[in-house]
Amino acid sequence: MTGFIARRLVSVVFVLWAMTVLVFLIVHVLPGSVAHMILGEYATNEAIAALEQRLGLNDPLYLQYWHWFSGLLRGDFGNSLTMDRPAGPLIMDALGKSAILAGVSIVLVAIIGIALGIHSATHVGSWADRGLTLMQYFFIAVPEFFWCILVILFFAVWLGWLPATGYTPLADGGVLGWAKHLVLPVGTLVLGLIAHVSRLVRSSMLEAIESRYVLAARAKGLPEWVVLRRHALPNALLPAITVLAVDVGILIGGIVVVESVFAYPGLGRMLIYAIDNQDLPLMMGGMMVITAIYAIANLVADILYAVLNPRIRVSGSAG
């Protein structure tokens, strides 16, 4: 198990380093001057030269990369070009707000998705199973931006129950005011993912129920709920854990859309702002933070997978 975790940690470190190279090259190797791209086509030569000197663009490419990479290792993301402030605190503040959306969403997706999948698998052919299957296909097919528009029109415009945009800190609006601004973004994010997870859990649960070890457990006279909880469910959850890690990446992509539509001041909206305004330190730092989140989510999924799968524990310990 220790060897397995060590190998996964090495993989995460390598992926993060490779992503620093990729992000740096995408920004700096494209045709044209980075300073000219930032300042626009009507910038004077003096302004371009000053910005190149400020960003260190006159240095060799490998030296520019080292300055940026060593800054990342120290937690220094550079200064935002548009706000003239350190990019690190701006990214962390936006990440904190996005973490609220993502954290609540992934918990709801895991709990509701697994519960619905188990219910469908244990009630195959019932009206509940057929209704859930129909809704799963429907919610998987419809993109996030459609639900964003729909929930704003219904709950914010027509009914007036919830705010359409913005964010209220817990200290300013209290629990109720803070929660009201989360309901619509979170609800929009989880609809498709719950359908995705519940569909997969249903399939894997049906496969586990029909397996020989479940049949043997029933032959021993164990109660049905014990058979499902101890024998079928742990094996059925293995693919669900992997999919939940993948859904973190889908969730990050969805957050960019949802935060833009709901004017939620999170990391996704900040990245859109950085791209629109050619704020390279803010953009590059935000992309690295998203990469780190996705890599860590996959590492956690691998560890949970190993905990539930003895074969991985044995091979990891042997390694």
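How many salt bridges does a search of the whole structure find?

1. The search finds two salt bridges, a salt bridge being a side-chain nitrogen of Lys or Arg within 4 Å of a carboxyl oxygen of Asp or Glu. The model is predicted, so local features need pLDDT of at least 70 and side-chain atom pairs count only at pLDDT 80 or more, while totals for chains, interfaces and linings use all residues. Residues are numbered from 1 along each chain as its sequence is written, and side-chain values use heavy atoms, with hydrogens and water left out.

2. Lys97 pairs with Asp93, the closest N and O atoms being 3.0 Å apart, and the two residues, four apart in helix 5 (residues 87–122), are separated by about one helical turn. Lys97 is buried at 15% relative accessible area, whereas Asp93 is partly exposed at 48%; buried means under 20%, exposed over 50% and partly exposed in between, with a 1.4 Å probe and protein chains only.

3. Arg74 forms a salt bridge with Asp76, with 4.0 Å between the closest N and O atoms. Arg74 counts as exposed at 60% relative accessibility, and Asp76 is partly exposed at 39%.

4. Helices are DSSP runs of H or I with at least four residues, numbered from the N terminus. The buried residues of helix 4 include Tyr65, Trp68 and Phe69, and just after this helix Gly75 takes a positive phi of about 85 degrees.
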